[in-house]
Amino acid sequence: MGIALLNPSSGLKQDADLIASIPGIGEVTVAKVLAYAGDICRFANGKALTAFIGVSPRQRQSGSSVKGRTMISRTGHADLRKALYMPGMVALRHNTVLQAFGERMKANGLVPKAVIGAAMRKLVHIIYGVVKSGRPFDANFANKGLAIQDGI
């Protein structure tokens, strides 16, 4: 059954190499992501993958006036969510993209555990992006478009 879920255009080994190119994700995490999630390309977008794992944000609200704090939904694949906790912490320290993201979240007043949860979600989006595009992780990806705009 797992073989049928593989994307025929990109092999499992290629997906593993692409995911391993992300700083903060090691071999064990790569194996768990591919084992639990199967073919990443079967998801319509990164939001669908985060919902499958259970790291998407959930709003707590009662009526129109009482609002609770936002937290991760936890209605997904618990083992995969657990497998991404430590890589989320490591990526906050060693991945330049997530370092800036984590600092911005801390400056906005998020508690440390919520920052880790947000980093896990961002890491899932990055995993989806590198597998879907077929290109290894590039920390300067977002800055490339800015260089074109400088001449305008």
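Two residues are in contact when heavy atoms of theirs lie within 4.5 Å. In this predicted model, that definition gives Gly 46 two partners once its neighbours within four places in sequence are set aside: His 125 and Tyr 128.

**Confidence of the model**

The protein chain has an average pLDDT of 83, and 78% of the residues score at least 70. Residues 1-9 keep a pLDDT under 50, and the model has six contacts beyond four places in sequence for them. Where pLDDT is low, the predicted coordinates should not be read in detail.

Helix α3 covers residues 46-53 and contains Gly 46. The C-alpha atoms of Gly 46 and His 125 are 5.1 Å apart in space, although 79 residues separate the pair in sequence. Thr 50 also belongs to helix α3. Beyond four places in sequence, the contacts of Thr 50 are Val 55, Ser 56, Arg 121, Val 124 and His 125. His 125 is therefore a contact of Gly 46 as well as of Thr 50 under the 4.5 Å cut-off. A polar atom of the Thr 50 side chain lies 2.8 Å from the backbone oxygen of Lys 47.

| Residue | Relative accessibility | Class |
|---|---|---|
| Gly 46 | 8% | buried |
| Thr 50 | 1% | buried |
| Arg 93 | 61% | exposed |

Gly 46 counts as buried because its 8% is under the cut-off of 20%. Arg 93 counts as exposed because its 61% is over 50%.

**The largest nonpolar core**

The largest nonpolar core holds 35 residues, and within it Ile 19, Ile 22 and Leu 49 touch the most other members. Two or more residues of this core come from each of α1 (12-20), α2 (27-37), α3, α5 (85-94), α6 (96-107) and α7 (112-133). Helix α7 supplies the largest share, 12 residues. In soluble globular proteins, nonpolar side chains tend to be buried together.

Ile 19 can be followed in more detail. Leaving aside neighbours within four places in sequence, Ile 19 is in contact with Ile 25, Val 30, Val 33, Leu 34, Ile 127, Val 130 and Val 131.

**Arg 93 in helix α5**

Arg 93 is part of helix α5, and its 61% relative accessibility makes this residue exposed. Between the C-alpha atoms of Arg 93 and Pro 23 the separation is 9.5 Å, while the two residues stand 70 residues apart along the chain.

Conventions:
Residues numbered from 1 in each chain as written. Predicted model: local features only at pLDDT ≥ 70, side-chain atom pairs only at ≥ 80, totals over all residues. Heavy atoms only, no water. Helix = DSSP H or I, 4+ residues; strand = E, 2+ residues; numbered from the N terminus. Buried < 20%, exposed > 50% of the residue type's maximum accessible area, 1.4 Å probe, protein only. Core = buried A, V, L, I, M, F, W, Y, C linked by side-chain atoms within 4.5 Å. Polar contact = N/O pair within 3.5 Å; in protein donor to acceptor, adjacent residues only side chain to side chain. pLDDT = per-residue confidence, 0-100.
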